[in-house]
Amino acid sequence: MGATPNLINLLQKQHPADLAQVFSELPEKERHATFNVLVDKNGRLAMEALSELGPEKGAELLALRPAEEIARLAQEIPSDDAAPLIGHLPKELADVVLDLIKPKPGGGVPELLEYEEQTAGRLMNPNVFALGEDLTAGEAITALQGARDVEMVFYLYVVDDRRHLVGVISLRRLLLVPPDTPLKRIMTTDVYSVRVDTDQEEVARQVASYNLLAIPVVDSENKLAGVVTVDDVIDVIKDEATEDVYRLAGVSKDDGILTPPGESLRRRLPWLLVNLVTAFMAASVVGLFTATIERVVALAIFMPVVAGMGGNAATQTLAVVVRGIALGQVTWSNARQALVKEGLVGLGNGFANGLVGAIAVAIVTGGNWALGLILMAAMVINMFVAATAGTLIPLGLRALKVDPALASSVFITTLTDVFGFLSFLGLATVFIRYLQ
């Protein structure tokens, strides 16, 4: 019992992000015990830590508490931070909690959860400070001084009498003009904004492209609905980058180092089974050249080199192209330029690696340059195929509304294996008289 006050004092001195790191590293039982101690003493800090921890793990800690308490705790933090936590609770519990949450001016957690996941509407904070277009600078400053819990006042958004977004003013600009200056004279009417249904990746791209600290969110009628701030955008960029890396490897973004083994197995096994099917496709290609391999046994030694190098080259191209698509740098309009560039890189890599491989084969086999040159030619072909497929397949999947990070690797692995074995063994079959 004597250790509990010391633990509480220690926890309350930590930043929410540091507390989230502590929660993530603790075993499940200790994590729940630590959270219970903190939430009973400082509910706001506990909820801020859950927000930093992430909605999935945060909801796990909240789900064991009564709905009335969850509703009370959810109102300790901004609506845009509370909404993901409530959205990941079990549905029945979440419905009860939403019924208990008190409405907030301008919208709260229930309103945010009506928007689709990973959209600006779900990401935004509806508590945004807006000024009427008929105000003067002095009146605007007075209104700002009387505001409480306002999200991001570096930009002040100007609306008309029906709350249509008509302009934006920087706080610095507002403070430097005479108090009787009308806002209409100093506001910028060319406002960067996003719709409530805009994908969060596009929101992040615009904030990064235009160097914004915040971006307003409007509805279908251009009425100001909320604001997305740069701290939320940083979280989006981090989450999307993590998701892309995981998906390129066929792993769920929820699969972490401390995930229980059974859960990790359940999430990873399906994609491995798909890869097993594609591996048998590549094996069937090898089966077509059994007679050739029997006549030149050395082919069996070197054919994995061609397929493996093609797979490595495809991974490089795929990483560059998928990331380019995510950042908006690669589109169908510049696809030809990207394809030519990656094709040339593939050919260059094929010649360079093939030459080194040919020399190595000649040394190992005691001067069999014919086999080395066949290996080199197969590498050139397969690396060109890898570069082409690594560019076109992600673009094609994106056009079909399929996440290129999720499905590209399966197709490309199959292509590089099949073309690697086909080109190497096919060329060996054609020129087999030079190999014996």
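Modeller: Helices (H or I, at least four residues) and strands (E, at least two) are DSSP runs, numbered from the N terminus. This is a predicted model, where local features need pLDDT of at least 70 and side-chain atom pairs count only at pLDDT 80 or more, while totals for chains, interfaces and linings use all residues. Residues are numbered from 1 along each chain as its sequence is written, and side-chain values use heavy atoms, with hydrogens and water left out.

Colleague: OK. In β3, which residue is the bridge partner of Tyr157?

Modeller: Val168. Five bridges join β2 to β3 (residues 165–170), and the two run antiparallel.

Colleague: What about the hairpin of β2 and β3, how many residues lie between the strands?

Modeller: Five. Among them is Arg163, with a positive phi near 65°.

Colleague: And how does β1 pair with β2, parallel or antiparallel?

Modeller: Parallel, over three bridges, with β1 covering residues 130–132. Gly132 has Val159 of β2 as its bridge partner.

Colleague: Is β2 mostly covered or open?

Modeller: Mostly covered. Five of the five residues in β2 (155–159) are buried, meaning under 20% relative accessible area; exposed is over 50%, and partly exposed is in between (1.4 Å probe, protein chains only).

Colleague: Which residues sit on which side of β2?

Modeller: Tyr155, Tyr157 and Val159 are on one side, Leu156 and Val158 on the other. In a regular strand the side chains alternate between the two faces of the sheet.

Colleague: How many bridges join β4 to β5?

Modeller: Two, and they run parallel; β5 is residues 214–218. Arg195 stands opposite Val218 in β5.

Colleague: Now charge. Which residues gather in the negative patch?

Modeller: Glu28, Glu52, Glu56, Glu60, Asp231, Asp235 and Asp239, on the surface. α5 (55–62) and α15 (230–248) are the elements that give two or more residues. Patch residues have over 30% relative accessible area and no salt bridge; like charges are joined within 9 Å, nonpolar side chains (Val, Leu, Ile, Met, Phe, Trp, Tyr) within 5 Å. A salt bridge is a side-chain nitrogen of Lys or Arg within 4 Å of a carboxyl oxygen of Asp or Glu.

Colleague: Which element gives the largest share?

Modeller: α15, with three residues. Asp235 is in α15, and counts as partly exposed because its relative accessibility is 34%.

Key:
Areas by Shrake-Rupley, 256 points an atom, 1.4 Å probe, with all protein chains shown as cover. Lys, Arg positive; Asp, Glu negative; His and termini not counted. Charge placed at Lys NZ, Arg CZ, Asp CG, Glu CD. Pairing = 2+ DSSP bridges.
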